[in-house]
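Subject: Structure handover

Hello,

I am passing on the structure we spoke about, with notes on what was found in it. Please look at the sequence and the coordinates before reading further.

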Amino acid sequence: MSATASCGFPSPADDYMDGPLDFNELIVTNPPATFAVRVAGESMTGAGIFPGDIAVVDRSRAPVNGCVVLACLDGEFTIKRYQLRADGISLQAENPAFPSLDIGEGQELEIWGVVSRSIRML
């Protein structure tokens, strides 16, 4: 059973009861192509993705300019904002303390999927 709860003044919860929530339906749009990874590092805090969060990654979605991706760059995993430019691909950090990664000749880049959600434990 699910319910909504006011963050202001209390209200009778029984007036807001719905059917049961299925978190898979809320979070996962393509189950066979979806997996989760734990976030480490602070390069994406400006996008609301923090260390310890769980990133939900959809492998079936092709990256588009501006989306957040899980990438493997030269054998190392990273979560960054995908930017396709006239001169190539850039993986942009969302924290000014971290540099963006301009993909150069000879570097190996594989996009593992698009980050569709970030889940934070309180």
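Leaving aside its neighbours within four places in sequence, which residues is Leu-73 in contact with? Keep in mind while looking that this is a predicted model. The contacts of Leu-73, with those neighbours within four places set aside, are Leu-101, Ile-103, Gln-107, Glu-108 and Leu-109. For Gln-107, the C-alpha to C-alpha distance to Leu-73 is 7.2 Å, while the two are 34 residues apart in sequence. Leu-73 belongs to strand 3, residues 68-73. Its relative accessible area is 11%, so Leu-73 counts as buried, the limit being under 20%.

In general, the strands of a sheet pair through backbone hydrogen bonds, parallel or antiparallel. One of the pairings here joins strand 4 (residues 76-85) to strand 5 (residues 88-92), antiparallel and over 5 bridges. Within it, Leu-84 has Ile-89 of strand 5 as its bridge partner.

Next, the nonpolar cores. The largest has 9 residues: Val-39, Met-44, Ile-49, Ala-55, Val-57, Val-68, Leu-70, Ile-79 and Val-115. Strand 2 (54-58) and strand 3 are the elements that give two or more residues to this core. A second, separate core has 6 residues, among them Val-69, Ala-71, Leu-91 and Val-114. Ile-79, from the largest core, has contacts beyond four places in sequence that include Val-37, Ser-43, Val-69 and Val-115.

How many aromatic pairs are there? The count is 1. The ring centres of Phe-77 and Trp-112 are 4.8 Å apart and the planes stand at 85°; an angle over 60 degrees counts as edge-to-face, so this pair is edge-to-face. Phe-77 is in strand 4 and Trp-112 in strand 7 (residues 109-119), so the pair ties together parts 35 residues apart in sequence.

Regards

Notes: Residues are numbered from 1 along each chain as its sequence is written. This is a predicted model: local features need pLDDT of at least 70, side-chain atom pairs count only at pLDDT 80 or more; totals for chains, interfaces and linings use all residues. Side-chain values use heavy atoms; hydrogens and water are left out. Two strands pair if DSSP finds at least two bridges between them. Helices (H or I, at least four residues) and strands (E, at least two) are DSSP runs, numbered from the N terminus. Buried means under 20% relative accessible area, exposed over 50%, partly exposed in between (1.4 Å probe, protein chains only). Contact means heavy atoms within 4.5 Å. A nonpolar core is a set of buried Ala, Val, Leu, Ile, Met, Phe, Trp, Tyr and Cys residues joined through side-chain atoms within 4.5 Å. Rings of Phe, Tyr and Trp (its six-membered ring) pair if their centres lie within 6.5 Å; planes under 30 degrees apart count as stacked, over 60 as edge-to-face and the rest as tilted.
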